Structures are given as structure tokens and as C-alpha cells.
Number of protein chains: 2
Amino acid sequence: MAAFPLKISATDGAARTGVLVTSRGEIRTPAFMPVGTAGTVKALTVDQVKSSGADIILGNTYHLMLRPGAERVARLGGLHKFMRWDGPILTDSGGFQVMSLTKISKVKEDAVTFQSHIDGSRHVLSPERSIEIQADLLGSDIVMQLDECVSWPAEEARARSAMELSARWGARSKAAFGTRDAQALFGIQQGSTFRDLRQESADRLIETGFDGYAIGGLAVGEGHEAMCEVLDYAPAMLPADRPRYLMGVGKPVDLVEAVARGVDMFDCVLPTRSGRHGQAWTLDGPVNLKNARFAEDDSPLDPASDCPASRDYSKAYLHHLFKSEEILGQVLLSWHNIAMFQSLMSNLRSAITEGRLEAFRRDFAARQRLG
Amino acid sequence: MAAFPLKISATDGAARTGVLVTSRGEIRTPAFMPVGTAGTVKALTVDQVKSSGADIILGNTYHLMLRPGAERVARLGGLHKFMRWDGPILTDSGGFQVMSLTKISKVKEDAVTFQSHIDGSRHVLSPERSIEIQADLLGSDIVMQLDECVSWPAEEARARSAMELSARWGARSKAAFGTRDAQALFGIQQGSTFRDLRQESADRLIETGFDGYAIGGLAVGEGHEAMCEVLDYAPAMLPADRPRYLMGVGKPVDLVEAVARGVDMFDCVLPTRSGRHGQAWTLDGPVNLKNARFAEDDSPLDPASDCPASRDYSKAYLHHLFKSEEILGQVLLSWHNIAMFQSLMSNLRSAITEGRLEAFRRDFAARQRLG
């Protein structure tokens with residue numbers, strides 16, 4: 001019996017929509033999780049994030065364990081209280097950032113050792129320590145197992161060894177997590193772009209038994225087409241009655257294609273990172289607000305949006321804020337992008353419910369190409 | 001007949017409280033105007049500024065004429081529409097920034113010429129052009145005359161020549177402004193710390209006749225005591241039935257002392273600038289949130305405040321945001337400081353109405369010293 005029931009209300013092809021019922025409220029699926037890296041969805045108040053339609057956000061174990069420190073967050077009442085987000089939080093294991101952000105890291109069977117990118121201090125992250133940080137200290141609702149994610153392209157032997165280590169770490173994570181009613185543990189499928197490895201990874205995770213299953217090791221440089229090829233088979237390898245979470249994805253077109261292939265959850269820094277750099281995501285693709293063509297464009301990014309940042313401010317004003325390097329530009333465009341991503345997820349849920357996902361997907365891809 | 005009536009509802013010693021009735025709504029006085037330098041109160045949405053209790057904001061002619069350009073703002077419907085602030089806006093003349101921000105500027109009888117600090121381009125600002133930018137292009141509600149502000153300390157001869165030029169520019173500004181019902185023009189008293197010059201300046205401004213009178217040339221390095229000495233006599237030189245505006249001031253103790261001496265309006269970048277650098281203004285003085293003593297301080301800056309930034313976030317969280325250089329820290333602390341300044345003005349208005357300003361002032365000074 002999984003911690004959080006997934007109640008699927010409609011399917012359309014491989015796609016599904018419904019709710020994941022957590023102890024901190026329902027997550028409408030397919031769901032996009034804004035990334036709250038270091039205890040903040042960058043540049044936004046939690047009220048702005050909530051008003052954009054997000055049911056759940058993601059926290060980064062790596063960043064939080066280094067600063068302010070997991071024990072400190074625990075003493076301050078846990079991550080929800082610390083950052084004032086009362087909805088569900090999913091935390092990653094820290095492994096991906098250890099391997100991508102630190103100059104020196106060493107993966108051994110027992111744990112990964114690394115130097116902090118902030119002050120060079122030495123740290124150890126084991127599957128058990130990652131569970132302790134996420135589940136006990138931060139108080140995360142959805143806890144991810146520690147895994148090893150290989151870069152792309154990877155030799156098959158390298159992809160196999162990382163997949164096998166991830167499977168063993170998954171079993172250790174499960175043992176450390178134990179049985180909990182109010183928190184869930186997700187396993188992570190690896191195997192790069194090798195179908196046999198993806199199948200073996202899924203089989204071993206299912207044998208261990210998780211509350212949900214993530215598809216890891218994608219969005220690491222393989223590109224949209226190669227990712228879609230893996231998504232043609234990977235989600236179906238994972239249990240249909242459990243949430244499937246595609247980690248670190250992605251662009252709006254990636255989200256639509258992954259949903260069509262049976263994925264339920266996503267996270268990505270793209271909307272907030274783009275927003276801080278002047279890029280707005282729209283139904284017609286991304287636009288750079290710094291472009292001179294917006295200097296006297298009096299229209300808002302989306303007059304039909306409920307989000308003030310999308311509806312009430314002109315592109316000319318946003319252009320001016322970015323040209324003047326004003327913080328408000330970063331705030332408004334992060335807010336707009338988060339709201340645009342949430343609106344896309346809402347439209348996907350409606351399309352699945354109404355059995356018109358295929359038409360939605362075709363139209364969406366055509367409009368994004370126009371942008 | 002002045003454009004905007006000042007309705008004084010109570011006095012307490014030299015202090016007064018009431019409302020300045022503008023065509024865009026009432027300004028409760030004494031009033032603190034957050035500074036919206038380049039079309040944005042830095043880091044804050046207009047809704048956050050409004051919710052803090054601000055009735056009016058200030059816009060900088062210098063910044064806006066350079067970027068996005070006054071004619072561009074006009075084509076986009078004026079400053080109110082451009083930045084989405086529907087309350088009154090006071091704009092400065094641009095003179096102070098020209099003389100303080102630009103490397104090369106030349107003051108002549110006709111106008112000041114200067115090079116942009118952004119791209120080195122050459123510009124001319126005359127009293128007439130400043131009126132045109134403020135009143136016609138930006139669409140400001142309260143327009144300031146161009147003046148010359150001398151640095152401190154100043155020789156008396158230098159202070160006199162600047163005061164006299166300011167008086168002549170004031171008369172030219174009035175002629176260019178003409179008679180308007182829905183906009184007001186304020187003159188600016190100069191004279192540094194010389195009482196005779198202040199009197200002569202006031203006399204000449206009153207002869208020209210303005211809708212309101214500013215006290216300029218203070219908060220330029222002379223310090224709190226010297227400023228208070230000028231404020232012991234300068235406000236009384238200006239008409240009692242017109243608003244008195246102390247430009248560029250200041251710290252909370254400055255505001256309290258100036259209100260007690262009969263000043264009605266203020267502007268200062270202090271709350272937003274402090275906020276962006278981790279300094280919070282409180283009833284007990286300024287505190288630096290980066291200080292390690294706040295790392296595990298679970299209390300908010302002001303549990304009794306209506307402002308979410310003051311009431312809902314712990315000092316430990318704000319400390320973390322600043323240590324991590326997160327934009328949200330700058331947003332929340334700017335918001336808190338603006339709200340704290342507005343709360344101070346509200347408390348001053350109540351103290352005047354209830355005839356207990358002297359006690360308020362004594363208590364406030366004692367608490368600020370404690371901080």
C-alpha cells in the first residue's frame with residue numbers, strides 16, 4: 001500500500017490525468033513543480049508561486065544541506081515552515097547536483113564524497129544520509145532515492161554500472177526510509193538511452209517497491225528527439241498505478257510530448273532561470289524581452305491570463321526593466337513563466353479529460369514552432 | 001488658488017496632519033514617498049507598494065529621460081500607465097541626479113548640460129525642458145522646478161549663487177508650467193545652512209507663487225544635528241497653507257524630527273536601498289540581517305505588522321536568503337522597510353491628531369538609540 005494514492009480520473013492514449021493525494025493536499029496531475037532550489041523559488045514569494053497554480057514545489061537537498069544546513073532547517077521547524085510553503089514539497093536526493101556542480105566528487109559503493117562549491121568544505125552523501133536529510137530534517141513529503149546519473153553520451157558499460165549502483169542505492173534508500181504514512185519515497189530509473197538497461201532498472205526498482213517512480217538520466221544533452229525515443233518505452237516499464245516523474249524536464253514541447261507518453265510529474269529550473277534572463281515562454285514559443293522590437297509594444301504577454309505579471313504589464317515595460325537591470329523585471333518574468341507552465345499543465349489536464357490530447361499536441365507543436 | 005488643496009485636520013506644535021487632495025486621490029500627510037527611480041520602486045510590484053500604505057510615489061526625471069526616454073513614456077501613455085501606478089506621482093526635476101551622478105555636467109544660466117552615466121551621450125536640461133518632461137511627457141501629478149543644489153559644506157557666496165539661480169529657474173519653471181488644474185508645481189528652497197539665504201530663497205519663491213514648497217539642499221552630508229538646526233527655522237519661512245516637502249530625507253529619526261518641525265512630505269531611497277543590502281529598519285533601529293546572530297532567530301521582523309514581509313517570514317529565513325544572495329531576500333526586505341516607513345508615518349499622523357507628538361518623539365528617539 002503506497003503512501004499517497006494516485007487517483008486517475010481520465011486517460012487519453014498513454015496519457016493520464018488525476019490527483020496524487022498527499023498528506024499536505026492534492027497534486028493535480030500531470031503536474032509541473034517549480035524548483036525552490038535553496039528554500040525559495042527564485043525571485044518569487046510563495047504567494048506568487050501558489051497563485052500561479054502550483055500544487056507542489058521542489059527543494060534541492062544539495063543546496064539546503066550546505067546552506068543553511070539540514071540540521072538548522074530542522075531546528076527551525078522543517079523546510080515547509082522555514083520557507084512558508086504549506087503545500088507538498090518534493091526534494092531531490094542531492095546526487096545530481098553533487099555530480100554536476102562540484103569540482104571534486106567521488107562516487108563509491110558506500111557514498112559519494114564531495115567538496116562544497118561554496119566554501120570547498122568536504123561532505124559525504126550516502127543513500128541513508130540523503131533519506132535522513134530529506135525525510136527527517138527537511139521534512140519533505142516526497143523523498144527521492146540517491147542515484148547516479150551519467151552524462152550523455154554514455155558507453156553502455158558505464159550506463160550499466162551507474163544503473164546498477166542506482167538500483168542498489170534504491171534498495172538501501174528503501175530500507176532507510178522504512179514505512180511511513182505521511183511521506184512517500186520514489187525510486188529513480190536509470191539506463192541512459194539503452195532500452196534493455198531501462199527495463200532492467202525498472203524491474204529492479206519495482207522489486208524493491210516504491211511509492212512512485214522517476215525517470216532519471218534524461219535532459220542531460222541528448223536532445224528532444226532522443227528523449228522522446230526513450231519516453232516511447234520507459235514510462236510503460238513503470239507501474240501504471242503509481243506516479244511517474246520525469247526529472248529536470250523541461251521546455252513546454254518536452255512537457256507535452258512526455259505527458260502524451262504517460263508521464264505525470266515534472267520539475268525544471270527553466271521558467272525561473274529564463275525569467276531572470278529576460279526570456280518569456282508563450283504559447284507561440286520563447287521570446288526575448290530585451291529585444292528592441294518590444295521597446296514600444298504596449299501589449300501584455302497574455303491578456304487572458306489570471307497572473308498579474310502576464311496580464312497587467314506591457315512588454316514595453318518589461319523590456320525597459322530588463323534594459324535597466326531592475327529586479328522587478330526578474331520577478332515579473334519568473335512569475336509569468338511559472339504561471340505559463342502551470343497554465344499549460346492545466347490545459348493538458350483538460351485535453352486528457354476531454355479526450356482531445358492528440359489535437360492539442362499537434363496544435364501546440366505548430367504554435368511553438370511559429371514562435 | 002493652488003492646484004491641490006491641503007486640508008489640515010490637526011496640529012501639534014509646529015507639526016500638522018491632514019490630506020493633500022490631488023486629482024488622483026488623497027495623500028495623507030505627513031507622507032513618505034517611496035522612490036520609483038526608473039519607473040519601478042526597486043524590487044517591488046506596485047501592489048506591494050500600495051499594500052504597504054503608500055499614497056504617492058516619486059519618479060526620477062533624470063533616469064526616465066535617459067531610459068526609456070520621456071517621449072517614449074509619453075507614447076506609451078505616460079508614467080502612471082507605463083508602471084501601473086494609478087495613485088499620484090511626484091517627479092523630481094532631474095537636476096540633483098545630473099549634478100551627483102554624471103561625471104561631466106555644466107551649469108549655465110540657461111540650462112545644465114551633461115553626459116549620460118549610461119552611455120556618455122550629451123543632454124541638455126533647462127527649467128522649461130524639465131517641466132515639459134515632467135508635466136507633459138511623463139504626466140506627473142506634482143512637478144518640481146529645476147534647481148541647483150550645492151554640496152556641503154558650501155561657502156556662503158557659492159550657496160548664494162546657487163540659491164539665486166534656483167530662484168530664477170523657479171520663475172522660469174512657473175512660466176513654463178502655466179496654470180493647470182490637475183497638476184501641481186512645487187518650488188524648491190535652497191541656501192545651504194545659511195539662515196539669511198533660506199529666508200531670501202523662501203521670499204523669492206513665494207513671490208513667484210507655487211502650489212507647494214520643497215526644502216532642498218539638505219541630507220547632503222551635513223548630518224542630523226545640522227539638518228535639524230536648519231529645520232528649526234526653514235519650514236516656518238514657507239506658507240502654512242501649502243505642503244512642505246523635505247527632499248531626500250531620510251532615516252526614521254530624521255522623519256520624526258522634521259515632522260515635529262512642520263514638514264509634510266518626504267522621499268528617500270533609504271528603505272529600498274537598505275533592503276537590497278540586508279538592512280532592516282525597525283522600531284529599535286536598523287539591524288543587519290546578514291549578521292550571524294539571526295541564523296536561527298525564528299521570530300519575524302514585526303509580528304504586529306500588516307505587511308507579509310514583516311510578519312510572516314522569520315529573521316532566520318531572511319538571513320539565509322541574504323547569505324545565499326537570493327533575490328527574494330531583496331524583495332522581502334525592501335517591502336518590509338517600505339511598510340515600516342509607512343507605519344511610522346501613520347503613527348506620526350495619529351500622534352499629531354491625538355496631541356501626543358512630543359511623547360511619541362521622545363520614546364521613538366530612545367528606542368532608535370537602543371537598536
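Ala219(A) sits in the loop between strand E12 (212–215) and helix H9 of chain A. In this predicted model, Ala219(A) has a positive phi of about 55° although it is not a glycine. A residue counts as buried if 20 or more other C-beta atoms lie within 10 Å of its own; Ala219(A) has 22 and is therefore buried.

Another residue that is not a glycine but has a positive phi, of about 65°, is Arg84(A). Arg84(A) belongs to the loop between H4 and strand E6 (89–91) of chain A. With 16 C-beta neighbours inside 10 Å, Arg84(A) is partly exposed. The table sets out these two residues.

| Residue | Phi |
|---|---|
| Ala219(A) | about 55° |
| Arg84(A) | about 65° |

Cis peptide bonds also occur in loops of chain A. One joins Thr29(A) and Pro30(A), with omega about -5°, and Pro30(A) lies in the loop between strand E3 (25–29) and E4. The bond from Val249(A) to Gly250(A) is cis as well, with omega near 0°. Gly250(A) is placed in the loop between strand E13 (244–246) and H10 of chain A.

Helix H9 spans residues 223–231 of chain A, and Met227(A), Val230(A) and Leu231(A) in this helix are buried. These residues cover an arc of only 100° around the axis, so they are on the same side of H9(A). Among the elements that cover the buried residues of H9(A) are helix H8 (195–208) and helix H10 (252–260) of chain A.

Chain A is divided into domain 1 (6–268) and domain 2 (275–370). The centres of the two domains, taken over C-alpha atoms, are separated by 26 Å. The contact takes 26 residues from domain 1 and 25 residues from domain 2 of chain A. On the domain 1 side, strand E1 (6–12), strand E2 (15–22), strand E4 (31–36), helix H1 (46–51) and H10 each supply at least two residues. H10(A) gives the most to that side, with 6 residues. By class, the domain 1 side has 16 nonpolar, 6 polar and 4 charged residues.

Val269(A) lies in the loop between strand E14 (265–268) and helix H11 (270–276) of chain A. Val269(A) is partly exposed, with 16 other C-beta atoms within 10 Å. Lys42(A) is 227 residues apart from Val269(A) along the chain, yet their C-alpha atoms are separated by 9.2 Å.

The largest nonpolar core has 238 residues, and Phe186(A) and Phe186(B) touch the most other members. Leaving aside neighbours within four places in sequence, the contacts of Phe186(B) include Ile142(B), Met144(B), Phe210(B), Tyr213(B) and Tyr245(B).

The two chains also meet: 32 residues of chain A are in contact with 32 residues of chain B. On the side of chain A that touches chain B, helix H3 (70–75), helix H4 (79–83), helix H13 (315–323) and helix H14 (327–353) give two or more residues. The largest share of that side, 5 residues, comes from H13(A). The residues of that side divide into 15 nonpolar, 7 polar and 10 charged.

Chain A can be laid on chain B with an RMSD of 0.0 Å by a turn of 180° and a shift of 0.0 Å along the axis. That is the relation of a two-fold axis. Of the residues of chain A, Ile327(A) comes closest to the rotation axis, at 3.8 Å (C-alpha). Because 100% of the interface residues of chain A are also interface residues in chain B, the copies meet through the same surface.

Methods. Residues are numbered from 1 along each chain as its sequence is written. Chains are lettered from A and ligands numbered from 1 in the order in which they are written. This is a predicted model: local features need pLDDT of at least 70, side-chain atom pairs count only at pLDDT 80 or more; totals for chains, interfaces and linings use all residues. Two residues are in contact if their C-beta atoms, placed from the backbone, lie within 7 Å. Helices (H or I, at least four residues) and strands (E, at least two) are DSSP runs, numbered from the N terminus. Ala, Val, Leu, Ile, Met, Phe, Trp, Tyr, Cys and Pro count as nonpolar, Asp, Glu, Lys and Arg as charged, and the others, Gly among them, as polar. Copies are superposed by least squares on the C-alpha atoms of residues with pLDDT of at least 70 in both. A residue is buried if 20 or more other C-beta atoms lie within 10 Å of its own, exposed if 12 or fewer, and partly exposed in between; C-beta atoms are placed from the backbone. The arc is that of the directions from the helix axis to the C-beta atoms. Domain bounds come from an automatic or database domain assignment. A nonpolar core is a set of buried Ala, Val, Leu, Ile, Met, Phe, Trp, Tyr and Cys residues joined through C-beta atoms within 7 Å.
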